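I will write down what I looked up, entry by entry, with the cut-offs beside each term.

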Amino acid sequence: MKFKTMAAACCLSIAASGAQAQEVLEMTSAFGKNLPILGTAAVNFTDKINSISESVEFEHFDPGELVPVLEALDAVSSGSVDAAYTTSGYWQGKMDAAGLFAAVPFGPEPGEMLAWMLYDDGLTLMREMYDTNGYNVHVMLCGTYAPETSGWFKEEINTLEDLQGLNMRFFGLGAEVMQKLGVSTSLLAGGDIFPALERGAIDATEFSMPIVDARLGFYNIAKFNYFPGWHQPSTLFELLINKDRWEELDELSQKQIEIACMANITDNFAEGEALNFPAMVENVENRGVTIKQWTPEQLRAFEAAWLEVAAELAEGDEMFAKAWADLQEFREGYKTWGNNIYLPRPWN
């Protein structure tokens, strides 16, 4: 009996020491868990890492529970928050190059973007951007999106002149393009957009994919949904971890986090591809939405404005110039593959 008691005490001691050894990281998300795909991606990442690791655990928090969405980078860098699931496009006002690692107007679609980030120089340059700007963070890719819609408008846009004077919520580098075309843009977190539309503070908005935008109810106010999403042919999402906390983790825990993020990228992309066309049908058939396509002439005007923006940013910011040149060089090489291997649309 005494031996059994001692053995039980020993087991309890080992279990207790194991529990004490587990690292718990509080993670704020830029997107509410009520949002399909966009918000559930952070929850799914948390589930993945917590199911495969016994040494590290992530605790998910919705936007605003720990810090406001647009303050997450500073909070993680200072160590007041351990980690954040977000997108670098939110830091466009802090670092001109940030948008290049989130969504590039008229840029790569998901496959090409991941190729540049993971097998060329993209992720290295992204980490250099954070380091040279003094942010104490470790960053990795943790999600990716197919193209988003180009926006929701209260009034039909027949010519580019109709854009002039509009107030619109817009994200990242695409906002710079819209400003070139006479639009007054603002960056609002997801939960702030509908009230702004409702009270007339903004006339239009872009935010995400049809299924996500439907959850936020934009169709109740803005009935014209424009495509294609020229401003976000793909969108990358990042996991930021305070660098001191990251370096405290053992190598196995670090690898498990990286693996969970890579699995999350696959889930995130596939789910978006699967769920958006039913949402588009629902919008048209039951919600009175009109799907509109930008004309080739309008798209050329958007692209011309983007190239002006890119040249100006490259001239004024060394990091932007370096990353932009690298991406262009990669894309030029990628054409040998991309222009030959994929079927043109339409092909028949």
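This is a predicted model: local features need pLDDT of at least 70, side-chain atom pairs count only at pLDDT 80 or more; totals for chains, interfaces and linings use all residues.

What handedness does the β-α-β unit made by E1, H2 and E2 have? I found that E1, H2 and E2 make a right-handed unit, where right-handed means that, with the strands pointing away from the viewer, the path from the first strand over the helix to the second runs clockwise.

Residues are numbered from 1 along each chain as its sequence is written, and side-chain values use heavy atoms, with hydrogens and water left out.

**Entry: strands**

I looked up the partners of E1, counting two strands as paired if DSSP finds at least two bridges between them. E1 and strand E2 (residues 56–61) run parallel and are joined by six bridges, and Met27 has His60 in E2 as its bridge partner. E1 also runs parallel to E3, with three bridges between them, and here Thr28 stands opposite Ala84.

I then followed an open sheet of six strands, whose order is E7-E6-E8-E5-E9-E11 and whose pairing is mixed. Strand E7 (184–186) and strand E11 (290–293) are at the edges with a single partner strand each, so one side of each has no neighbour in the sheet. Strand E6 (residues 167–169) pairs with E7 in the parallel sense over three bridges, and Met168 stands opposite Thr185 in E7.

**Entry: core**

I turned to the largest nonpolar core, which has 110 residues; such a core is a set of buried Ala, Val, Leu, Ile, Met, Phe, Trp, Tyr and Cys residues joined through side-chain atoms within 4.5 Å. Helix H12 (residues 318–341) gives the largest share of this core, seven residues. Ile257 is among the residues with the most contacts inside the core, and, leaving aside residues up to four places away in sequence, Ile257 touches (heavy atoms within 4.5 Å) a set of residues including Phe45, Phe58, Leu239 and Trp246.

**Entry: rings**

I searched the whole structure for aromatic pairs and noted 20; rings of Phe, Tyr and Trp (its six-membered ring) pair if their centres lie within 6.5 Å, and planes under 30 degrees apart count as stacked, over 60 as edge-to-face and the rest as tilted. Phe31 and Tyr90 form a tilted pair, 6.1 Å centre to centre with 35 degrees between the planes. Phe31 lies in the loop between strand E1 (23–29) and helix H2 (40–52), and Tyr90 in the loop between strand E3 (83–86) and helix H4 (110–119), so the pair ties together parts 59 residues apart in sequence. Phe31 is buried at a relative accessible area of 3%, and Tyr90 counts as buried at 7% (buried is under 20% relative accessible area, exposed over 50% and partly exposed in between, with a 1.4 Å probe and protein chains only).

**Entry: backbone**

Most residues other than glycine have a negative phi, and most peptide bonds are trans. Ile37 lies in the loop between E1 and H2 and is buried at 0% relative accessibility. I also noted a cis peptide bond joining Phe227 and Pro228, with omega about -5 degrees.

Methods
Helices (H or I, at least four residues) and strands (E, at least two) are DSSP runs, numbered from the N terminus.
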